[in-house]
Amino acid sequence: MKELIEISVRSLVEFILRSGDINRKKRTSPENAMLEGSRIHKMIQRRMGPDYRAEVMLAHKISFDDFELLIEGRADGIIEDGSGVTIDEIKGVYQNLKYLEEPVGVHLAQAKVYAAIYAVQNQLETVNVRMTYCNLDTEELKYFHYSYTAGELAKWFGELLDEYAKWAQFSIEWARKRDQSIKTLEFPYQYRDGQKELAAGVYRTIYHSRRLFLEAPTGVGKTLAVLFPTIKAMGEGLTEKIFYLTAKTITASVAVDTFELLRESGLVMKAVNIVAREKMCLLDEVACNPESCPYAKGHFDRVNDALFEMLNKEDSCTRSSIMDFARERCVCPFEFALDLSNFADAVVCDYNYCFDPDVSLKRFFSDGVKHNYVFLIDESHNLVERAREMYSAELIKEDFLKIKRILKEKEPRVASAMSRCSTKLLELKKSGGEFNVNVNLDGFFETLRRAASLYSDMFEEWNKQRISIDDELLEFYFQIRSFLNMAERFDEHYVNYTELLEDDTFKVKLFCVDPSKNLRECLDMGRSAVFFSATLLPVQYYIDLLSGDRSDYTVYAPSTFDPSKRGVFVATDVSSKYTRRTKSEYYNIASYIYKAVSAKRGNYMVFFPSYSFMSEVWDLYQSNFALDEIECIMQDSRMNEEEREDFLGHFLSANTAVSEEEASSLIKMEFEIIPDKTLVGFCVLGGIFSEGIDLKNDSLIGAVIVGTGLPLVCHEREILKKYFDEKGQDGFDYAYRYPGMNKVLQAAGRVIRTEEDIGIVMLLDERFNEMRYHKLFPREWDSIKRVTTDNVYASVNKFWEGR
């Protein structure tokens, strides 16, 4: 039996028939237009008569020597009447249709593929094609009509398939080679305690097409325990593509390294690491247009040849290898990486490439069809706030006035439209005051849609006249479009509000308080998902906000480390409460820090709730406890990348090795012990040094955490509190306590990174003794010592003496 390759009609024509330049300044339809386009499709289809069949699934299978190729997709409409058969292809665009003189080539090609398939299946001699374009703002329609003989379509379609055949042949041969390597692949190490059960749980989740929330403490080997069974599932045909999703460069790098480790054990697998366009650009400044960038000019004419060459040469497509190859072949490295992902078995990338409607990979998620994708979501505690950002949108009144001033002379109609939007916001400002929730925005939306339509027309005219489009104008246009698209999503999971900001600007925001529905729509495009982190407590909170389905599987993996090597101390006589923030309390906290770090020489980090709090304690510590043998350094809010690396460098030896793949300040490092000194780093809780850094062995022997990490009280936090209270949850927990405790546990996790590590965690806030906080502690914290300023030194010293 021949193996089967499947490809959608859209993917086929867009891949084979593309040509020309990359020109972001001509892209005046944002990527997230798909949601609005779907609404337009349904509207047009409902208007059609009884001869119109909507959303007709078509598929065609053709046999080659070694494989069969299945091309499938949904025709928007098929009309059968007295004039014959017409294939209707509907496209929603923001472009003014008067500027559209002919269909976009790949749009017409999609319709021709459907026409060719339908002609063969129904023995037709001729087929008509109608291209229906609809302006998403005005709902104006424009049609283009064509007629083809069955012979013309068959010849054209055959040539298209022949062109794709080499890619299909490559995919078949590669899959055979990959699957054979997976069958013989063995776990590269001896399983740690619980790690095998963890891997089995991941495999069962994929096998049953479910979602899993997995909390696994540091040292369990989460990345390998999650990736290995997923790769095994791929070898069994249970998944076609693995998406390893991360929030930070450092965790992406761990995944890339794990793939390399498995290759050393015999795995044959292609993995591509996609990073932000700005980090991959070969120019000093990102300029995605053919006038400014030689890699953008003619990119699509060269990219397929470059792609085929790299696929036959490289299995590990890292940032550096992609950039080197792109430079040599004169193609855009970012777009090149996206194309490599089509043929990769695994894609390592940021959350936003799967979930953010503005930048998600439409090539995988825009067809509305469920695929055998598996999503592995690392450090998934970060996804709650990231998702809220992705699915929220805001506009500032004063930005409309700024754009109005820019366009006043050369585009008075658009300038007037910006002025009308500003006026609508001024009305909201006058009626709502400094802060107003659940505002009636209908009038503003209507005015904004008309303005967006004029804005789009302006760009079309400028493109026609070859007038350069300023980045500021383009970015604001995309902000407007994003806002309007989020308005289409707006439902009971959202709250809108207006706010007068400190700089006297006025903001309107569509705030996604519960992102679970939007995330689940993305997750449902795949087969299975695994959310994993060292801090997913309480797990029901994360399930509620990330999937919204409490039937999802949950696993808590026990720590493999000896609990006696970690000392956990909780203060009973200090607090970071606002009512307690006095000089005497700051002094007591400074005293705690001094006594904790004096018990044993080594490296410590102290985490504070804010920069101002840290500064108060720093001053008192330096005045009262400074010693030559204890070096203190403090995080600065304005640190650049070099200064961040220098800060971390204090905790490492001079022989630190830095991986060239790391592009951020949170760099994976190897180190040796710094002898004969004590170092205390004053840091901010929830900042860059409290998560994602890996200081093993004696590079860090203690973490002191001041306060419970509660977010600052603000309008949005109060909106969250009220929202979840009304849903029957504890609003304070969801808005404040759970996010705060996650920051605490992440900071505590900087200590004890390996089985050899020994260290202390000290929590300086008496609230940690309350059951509502205590129940959020990890299970492995089973021996907590309560201390006071009087006995803390003796307690910590006793712990170290016992080692």
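Residues are numbered from 1 along each chain as its sequence is written. Because the model is predicted, local features need pLDDT of at least 70 and side-chain atom pairs count only at pLDDT 80 or more, while totals for chains, interfaces and linings use all residues.

**The sheet.** Select the eight strands of the open sheet, whose order is S10-S9-S11-S8-S12-S17-S7-S18 with parallel pairing; strands are DSSP runs of E with at least two residues, numbered from the N terminus, and two of them pair if DSSP finds at least two bridges between them. Strand S10 (316–317) and strand S18 (553–556) stand at the edges with a single partner strand each, so one side of each is left without a neighbour in the sheet. Next select S9 (residues 271–273), which pairs with S10 in the parallel sense over two bridges, and there find Ala 271, whose bridge partner in S10 is Ser 316.

The largest cavity holds about 210 Å³ of space, and among its 18 lining residues the closest to its centre are Ala 534, Leu 745, Gly 749, Pro 778 and Glu 780. The second largest cavity holds about 110 Å³; of its 13 lining residues, select Cys 281, Cys 288, Cys 293, Cys 332 and Pro 333, the closest to its centre.

Methods: Heavy atoms only, no water. Helix = DSSP H or I, 4+ residues; strand = E, 2+ residues; numbered from the N terminus. 1 Å grid on protein atoms, 1.4 Å probe; cavity = no way out; pocket = protein on both sides within 12 Å on 5 of 7 lines; lining within 4 Å. Points joined across faces, edges and corners; volume = space filled by probe spheres on them.
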